[in-house]
Amino acid sequence: MSKHAMSLLPRWCSRVFSVELNGAPFYFAVKEKHLGEDVPRVFREVQNRDKCYSVLVYCSRDRIKTAKFYGELKDKLLRDLPPECRLSPMSSFLPKVRDSLVKGYFLKGNSDTSSPIERLLSDLIQHDPVLVCSYSPAEDGQQWTQHMWSETASQVMDVAKGYYVVPSEAPEYHPSTLNIINSDVFYSFDEAYDVMKKCGDIIPEAKAVLELLPSRVEARNKPDFPVIVIEGLDATGKTTLTESLKDTLGATLLPSPPECLSPWRARFDQEPPLIRRAFYALGNYISADQIGLKGTKTPVIVDRFWHSTAAYAIATAVSGPVCNLPGEGSEVYCWPSDLFQPSLVVLLTLDPEERKRRLRNRGQGKTDEEEELDHNQLFRLRVEEAYRRISGPACVTVDASPSADRVLQQVLLLIRGKCHL
Ligand SMILES: Nc1ncnc2c1ncn2[C@@H]1O[C@H](COP(=O)(O)OP(=O)(O)O)[C@@H](O)[C@H]1O
Ligand SMILES: Nc1ccn([C@H]2C[C@H](O)[C@@H](COP(=O)(O)OP(=O)(O)O)O2)c(=O)n1
């Protein structure tokens, strides 16, 4: 058994396991002794001939490698497993213990597929940073047990050392929230920079991004003029409004991520969240530098900024309904202390049907994430709620359904009230 597996074991029985079936999580724990608990739901629906497996990915010291490997593992499993084998996202965590989440996959096979699955898992355990367990009915046929695989023998360990699986309560918030800080959302330039720097060896484009970064984190000048950020989901009217504000106020308009990052954006959109979110986080620091420069001469309007970076990252890390998000007031919604704070952040909101109509009328291609927004109503609700919970500065919500001119007038009123323009 590897060093990593040994370090997980002492608290193995305190861990909770979560398997996500059709977007809904099912929780279970393991125990050495059985006290008549029910069989966890995820195993209740499994036929007696079936066998299940879990593959959990260790968080090695090299976070970049772990993040890349987790994505590649899914591709490998989907490619090499028998098509009848069902693959579901899985995780294991210590309740309320930050950074305790390990992610992986849960596999369900039957007696026909167990040989190819076990061959594949035996190979994985010998070459990759994974912990493999198998699940099967106990001898009495009433309970299910979990058996951890040994790396050296690449076989199931002594059956006597199997753990019983028992139901576990759902945690207060989605388990992914335990690992959001500095994995999905970065709260300082240095944290995001560190990820991008470590990517340099495997992603050549990361070096180009590093070269574009400002030499000083704090905006070089404190802008004399107001800086207004416009936020909202795609097609809520940000471009339309920011263009009008620019003309009406004689302001400078800055898109975010900044234009200088455009050549690299598609590349980083393919990367796992750790790398992709570091890219967007750094973009905000480049924008802050530009704001400092322009804001000494004119008001500045920014199309998306930190709210977008954090809200999309949090809403992607967590699945399911809005109540799975970290609670209001959680530290995950805090503004990075080293990032420039705009004078006003306006969040445009729109009825989903009207947003879809505007998207159709615009008729442009959408990013995968925006496609997801369309199909996954829960994701859209999570993004909007995360937007509302971010503080320092918090956003002011504006209904974007009236005509473009009425929306403009409404936002001008807010700006005049808040920024004395
Ligand atoms: N207030 C509005 N009423 C009706 N249509 C609008 C309004 N604001 C924008 N649109 C239209 O909706 C579409 C999306 O607007 P856009 O400004 O591109 O949104 P975003 O920049 O947020 O993606 C565009 O076709 C635009 O002309
Ligand atoms: N400052 C920013 C700007 C955008 N992002 C991310 C958040 C989402 O993943 C996408 C949304 O950007 P996209 O260009 O698709 O949206 P618009 O067309 O501008 O409405 O970019 C970010 O993380 N930080």
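The protein is divided into domain 1 (3-171) and domain 2 (180-419), bounds that come from an automatic or database domain assignment. The structure is a predicted model, in which local features need pLDDT of at least 70 and side-chain atom pairs count only at pLDDT 80 or more, while totals for chains, interfaces and linings use all residues. Residues are numbered from 1 along each chain as its sequence is written, and chains are lettered from A and ligands numbered from 1 in the order in which they are written.

The C-alpha centres of domain 1 and domain 2 are 37 Å apart. Ten residues from domain 1 and nine residues from domain 2 make up the contact between them, where two residues are in contact if their C-beta atoms, placed from the backbone, lie within 7 Å. On the side of domain 1 that touches domain 2, the elements giving two or more residues are β2 (24-31) and α3 (63-80), and the largest share, six residues, comes from α3. Helices (H or I, at least four residues) and strands (E, at least two) are DSSP runs, numbered from the N terminus. By class, this side of domain 1 has five nonpolar, two polar and three charged residues; here Ala, Val, Leu, Ile, Met, Phe, Trp, Tyr, Cys and Pro count as nonpolar, Asp, Glu, Lys and Arg as charged, and the others, Gly among them, as polar.

In the protein as a whole there are 14 helices and 14 strands. The radius of gyration, taken over C-alpha atoms, is 24 Å, close to the 22 Å that the globule rule gives for 421 residues, so the protein is as compact as a globular protein of that length; the globule rule is 2.2 Å times the number of residues to the power 0.38. Along the principal axes, the C-alpha trace spans about 75 × 45 × 35 Å.

Of the 421 residues, 40% count as buried, a residue being buried if 20 or more other C-beta atoms lie within 10 Å of its own, exposed if 12 or fewer, and partly exposed in between. Not counting residues up to four places away in sequence, I314 touches I180, D184, V185, L325, V332 and A386.

Around ligand 1 there are 15 residues, of which G237, K238, T239, T240 and R358 come nearest; a residue is near a molecule if its C-beta atom, placed from the backbone, lies within 6 Å of it. The elements that give two or more residues to this shell are α7 (238-249), α11 (352-362) and α14 (404-419), and the shell divides into four nonpolar, seven polar and four charged residues. Around ligand 2 there are likewise 15 residues, with D234, Y280, R304, T309 and Y312 coming nearest. Two or more residues of the shell around ligand 2 are given by each of α9 (273-294), α10 (306-317) and α12 (368-375), and its classes are four nonpolar, six polar and five charged.
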